[in-house]
Amino acid sequence: RPPTDPPALLVPLQELRHSLHLPPSASVVRAFTDDDDAMQLWLKTEREDASARLAAVLAAPAAWDAPAVPGGVDEAGGADLSSAGSSPLRAPACASGAMRLSLDLLERVRLVSDPAAQGRAIDEVLLPTLGEFSAQLRAKAAQAMIGAADWESVGALLATLLFAAPLLEEWQEEPPLASLDAPRAVFGAVLRGWREMREELEEHASSTLAADFFHGAGRYVGERRDFRLPPGGGGGGGVPVG
């Protein structure tokens with residue numbers, strides 16, 4: 001029976017393999033997935049760690065600032081987040097950080113050989129973490145769309161969604177996610193929510209721009225009319241000035 005104390009989850013893989021008397025070819029993660037108590041503790045620890053990492057990413061002072069490098073490059077973390085369909089826009093630092101975290105969690109899923117255990121890792125760790133990220137995006141979007149558009153926030157959110165969505169679409173078409181026996185795409189619900197959010201932001205930006213344009217055009221026409229007509233000559237056949 002594998003150990004279930006929390007410290008056992010934090011020791012180096014080689015040390016854990018040695019302590020469990022596993023051959024070099026054996027999977028250390030299987031030591032947890034073969035035991036329900038150990039599996040539950042492992043998933044709980046991963047979920048709490050992911051939530052803490054995501055909170056740190058979103059709370060960073062420059063979380064919503066565009067980086068000096070394209071959004072698909074995570075220099076600090078060393079992860080390749082490029083995608084054939086990702087946006088050329090430079091996504092905010094929090095977008096790169098959140099997707100790097102998601103990729104790390106996906107790598108943990110790849111360490112698991114049992115499909116049932118893979119499904120639990122996805123349902124109990126990866127998807128809840130993406131859901132938490134989505135909730136933060138939704139809250140920021142709602143705030144950005146109150147009254148006049150907060151163009152900086154709207155732009156940051158759109159860049160985030162255009163950068164992150166193609167990554168999820170690409171990952172769910174690759175092993176191990178593509179091989180899971182699921183009735184729908186793994187990230188289908190997340191992607192639908194992001195698409196709806198993007199459409200709402202784009203609609204709000206479009207309507208705000210249109211309203212600003214018509215307001216400015218009306219003001220311009222009014223000022224031109226006042227300028228061309230002499231005082232008191234608005235309705236009695238006044239002679240245009242100039």
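**Buried residues, core and cavities**

Me: Why does Thr-129 count as buried?
Reply: Thr-129 has a relative accessibility of 3%. Buried means under 20% relative accessible area, exposed over 50%, and partly exposed in between (1.4 Å probe, protein chains only). Therefore Thr-129 counts as buried. The model is predicted, so local features need pLDDT of at least 70 and side-chain atom pairs count only at pLDDT 80 or more, while totals for chains, interfaces and linings use all residues. Residues are numbered from 1 along each chain as its sequence is written, and side-chain values use heavy atoms, with hydrogens and water left out.

Me: Which residues does Thr-129 touch, not counting those up to four places away in sequence?
Reply: They are Arg-47, Ala-50, Leu-54, Leu-101 and Leu-105, where contact means heavy atoms within 4.5 Å. Thr-129 belongs to helix H5. Leu-54 is 75 residues away along the chain, with its C-alpha atom 7.8 Å from that of Thr-129.

Me: What makes the pair Thr-129 and Arg-47 a polar contact?
Reply: The side chains of Thr-129 and Arg-47 are joined at 3.4 Å. A polar contact is a pair of N or O atoms within 3.5 Å; within protein, one must be able to donate a hydrogen and the other to accept it, and residues adjacent in sequence count only if both atoms are side-chain atoms. The value of 3.4 Å is within the limit, so the pair counts.

Me: Is Glu-46 buried or exposed?
Reply: Glu-46 has a relative accessible area of 13%, so it is buried. Glu-46 is in helix H3. Its side chain makes a polar contact of 2.9 Å with the side chain of Arg-108. Beyond four places in sequence, Glu-46 touches Leu-105, Arg-108 and Val-125.

Me: How many cavities of 30 Å³ or more are there?
Reply: The count is two. A cavity is a set of points, on a 1 Å grid over the protein atoms alone, where a 1.4 Å probe fits but cannot get out; lining residues have an atom within 4 Å of a point.

Me: What lines the largest cavity?
Reply: Its lining is Trp-42, Leu-43, Glu-46, Leu-105, Arg-108, Val-109, Ala-121, Val-125 and Leu-126. H3, H4 and H5 each give two or more of these residues. By class, seven are nonpolar, none polar and two charged.

Me: Which residues line the second largest cavity?
Reply: Leu-54, Ala-98, Met-99, Leu-101, Ser-102, Thr-129, Leu-130 and Phe-133 line it. H4 gives the most, with four residues. Six are nonpolar, two polar and none charged.

Me: What makes a set of residues a nonpolar core?
Reply: It consists of buried Ala, Val, Leu, Ile, Met, Phe, Trp, Tyr and Cys residues joined through side-chain atoms within 4.5 Å. The largest such core here has 50 residues, and those with the most contacts inside it include Met-99, Leu-168 and Trp-194. Helices H3 (36-59), H4 (93-111), H5 (115-144), H6 (151-171) and H7 (188-228) each supply at least two of its residues. Leaving aside neighbours within four places in sequence, Leu-168 is in contact with Met-99, Leu-130, Phe-187, Val-190, Leu-191 and Trp-194.

Key. 1 Å grid on protein atoms, 1.4 Å probe; cavity = no way out; pocket = protein on both sides within 12 Å on 5 of 7 lines; lining within 4 Å. Points joined across faces, edges and corners; volume = space filled by probe spheres on them. Nonpolar A, V, L, I, M, F, W, Y, C, P; charged D, E, K, R; others polar.
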